[in-house]
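Let's walk through a structure together, one question at a time. Have a look at it first.

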Amino acid sequence: MDTIASLFSFITTPVSWVIVQFHSVYGSIFGPDTGWAWGLSIVSLVILIRICLIPLFVKQIKATRAMQTLQPEMKKIQERYKNDKQRQSEEMMKLYKETGTNPLSSCLPILAQSPFFFALYHVLNGIASNKTIGVINDSLLESAQKAHIFGAPLAAKFTDSPEKVEALNSSLTDVRVVTAIMIVLMSLSQFYTQRQLMTKNVDTTVKTPFMQQQKMLMYVFPVIFAVFGINFPVGVLVYWLTTNVWTMGQQMYVIHNNPTPGSKAQAAYLERLSKHVAKHGKTRNRRERAIVKAIVAKGRDRNEYERKFINGLNKAGLAAQSDGTVIKSESSAAAQAEGGTTTATAAPKRQQPKRQPKSKRHNPGAAKPAGEPTSLTKADDPQDAKPSGGNGNAKPAGNGSTRSRAQSGQRKGPQRPKSPSKK
């Protein structure tokens, strides 16, 4: 670790200068030799570095989402050229070039702050070794050696010998208890940060080996921090715990306000946005308009959460526009103009003719009760009608005529006409 820290000695002077400037501010409040003055100086250093790295963090988010989008294509390339590793690598690089993505972009914040981390380690190691380093002179070195954080010296480690700890005016028990607690907190914060990323802000519709690797790293990273943490000075543990807490809070903000499309966080966000828009009839700010605009532009490529969001707006009588704004739909405005009802007048149902009982169908001359609709059967012949035959003898239209029609292959009883009679 000392060898790696010495490689970043070129940045030791700027880091030590920033710490000294913050120490002069906090020392006037808490006292120059207190752990609060030196500890808050390290915390302020972390905050300053992370604020400067916000643009890289935004770039990391975009790169991570772009990599998640490319996972299906990457899987196809791996399956197509699984026996040709060279061709597989060429196709991967071609895919990265066409889409403008870079796998290393997701590691930019860690890579960018690593020089500051090792420079701080180099400064604190010099304090533990009673050596002036950077802009820290003899008086500041003596003040830093007197500083204790909850009883543990700023430059003490978990693996230090009792003699070295006593030289820093502390006990081995205090050092190991404080460092153990900080290592556990550091590992837990790293685990929670990775877990909320995997469970809330990952597109659940994409199932690739990349997802399995991320889940494995969720358990591997805390173990790595725990193993290396026993060799970190207390001041470095303060630095790393602070940057983990910052990362966790920063990620929670991103998940809450700008979630990954297709993730559970997006479902929760669109549900909150839908309730607000339905209540006020508009979007609140530019960020919400940008999200609505992106959803509208997707068209049929929307995921299930985005389709549910658009349908919810339609049910509320609203319509999302291509510029991200939300207006009242025409159907809703017309309904309000007519009295606020959105239900159209139902068309009258077609009345089907009532089927007559079997006894009436076989006896069409029977009397009909009052109020019953007229049957659609053919009207009976009048009894005084003349027969079509030439003998002049009239025959009653009774069972005989029915029997004669039945013998000619027709159905017994009066027949239903093909179309209703217009009498």
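Below are some questions and answers about a helix pair and a cavity.

This is a predicted model, where local features need pLDDT of at least 70, side-chain atom pairs count only at pLDDT 80 or more, and totals for chains, interfaces and linings use all residues. Residues are numbered from 1 along each chain as its sequence is written, and side-chain values use heavy atoms, with hydrogens and water left out.

Q: Are H9 and H11 roughly parallel or roughly antiparallel?
A: Helices here are DSSP runs (H or I, at least four residues), numbered from the N terminus. The axes of H9 (residues 172–200) and H11 (residues 234–257), lines fitted to C-alpha atoms over the stretch in contact, come within 9 Å and cross at roughly 20°. Angles run from 0 to 180 degrees between N-to-C directions, and those under 35 degrees count as roughly parallel. So the pair is roughly parallel.

Q: Which helix gives the most to the lining of the largest cavity?
A: Residues lining the largest cavity include Ile19, Trp38 and Leu120. Helices giving two or more residues to that lining are H3 (35–52) and H6 (108–128). The most, 4 residues, comes from H6.

Definitions and conventions: Parallel < 35°, antiparallel > 145°, perpendicular 65-115°, else oblique. 1 Å grid on protein atoms, 1.4 Å probe; cavity = no way out; pocket = protein on both sides within 12 Å on 5 of 7 lines; lining within 4 Å.
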